[in-house]
Amino acid sequence: MTEIIDFLEKEDPFLKLTQQCDIICEHCPNNINGICKDNKKVDSIDKRCLERYDMKFDDMIKWSELKKLAYQNIISQKQLAIVCLDCQWRTLCFI
Ligand code: SF4
């Protein structure tokens, strides 16, 4: 995760908001043949985020813009616990 965050911060690439497992999931033990073991939970979190960003799956956006949307629509609105529930990566959102 540290390597991925470093890459995103350095390169600021365009990202595709995919509904399936992505490159972040590649080495995750929860990735079972391309389907997340926690797919139901992950999908519901993704949908709540997209709703707040007024975006949909398969849209493309730069990392820096996505971070801005997350800050404006979730973090600064104190919505993190409502949107992301018990996501194990939640603490990274405060970095
Ligand atoms: S828990 Fe699921 S969504 Fe998260 S990295 Fe692992 S496979 Fe991907």
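This report walks through the ligand shell and the salt bridges of a predicted model.

## About the model

Local features here need pLDDT of at least 70 and side-chain atom pairs count only at pLDDT 80 or more, while totals for chains, interfaces and linings use all residues. Residues are numbered from 1 along each chain as its sequence is written, and side-chain values use heavy atoms, leaving out hydrogens and water.

## Around the ligand

Let's start with the ligand, which has C25, C28, N30, N31, C36 and V42 around it (a residue is near if one of its heavy atoms lies within 4 Å). By class, this shell holds four nonpolar residues, two polar ones and no charged ones.

## Salt bridges

The model has six salt bridges, each a side-chain nitrogen of Lys or Arg within 4 Å of a carboxyl oxygen of Asp or Glu. One of them pairs D12 with K62, with the closest N and O atoms 3.7 Å apart. This pair links distant parts of the chain: D12 sits in the loop between α1 (2-11) and β1 (14-16), and K62 in strand β4 (residues 60-62), 50 residues apart. Helices (H or I, at least four residues) and strands (E, at least two) are DSSP runs, numbered from the N terminus.

E65 and K68 also form a salt bridge, at 3.2 Å between the closest N and O atoms. Both lie in helix α3 (residues 63-75), three residues apart, about one turn of the helix.

Terms used. Ala, Val, Leu, Ile, Met, Phe, Trp, Tyr, Cys and Pro count as nonpolar, Asp, Glu, Lys and Arg as charged, and the others, Gly among them, as polar.
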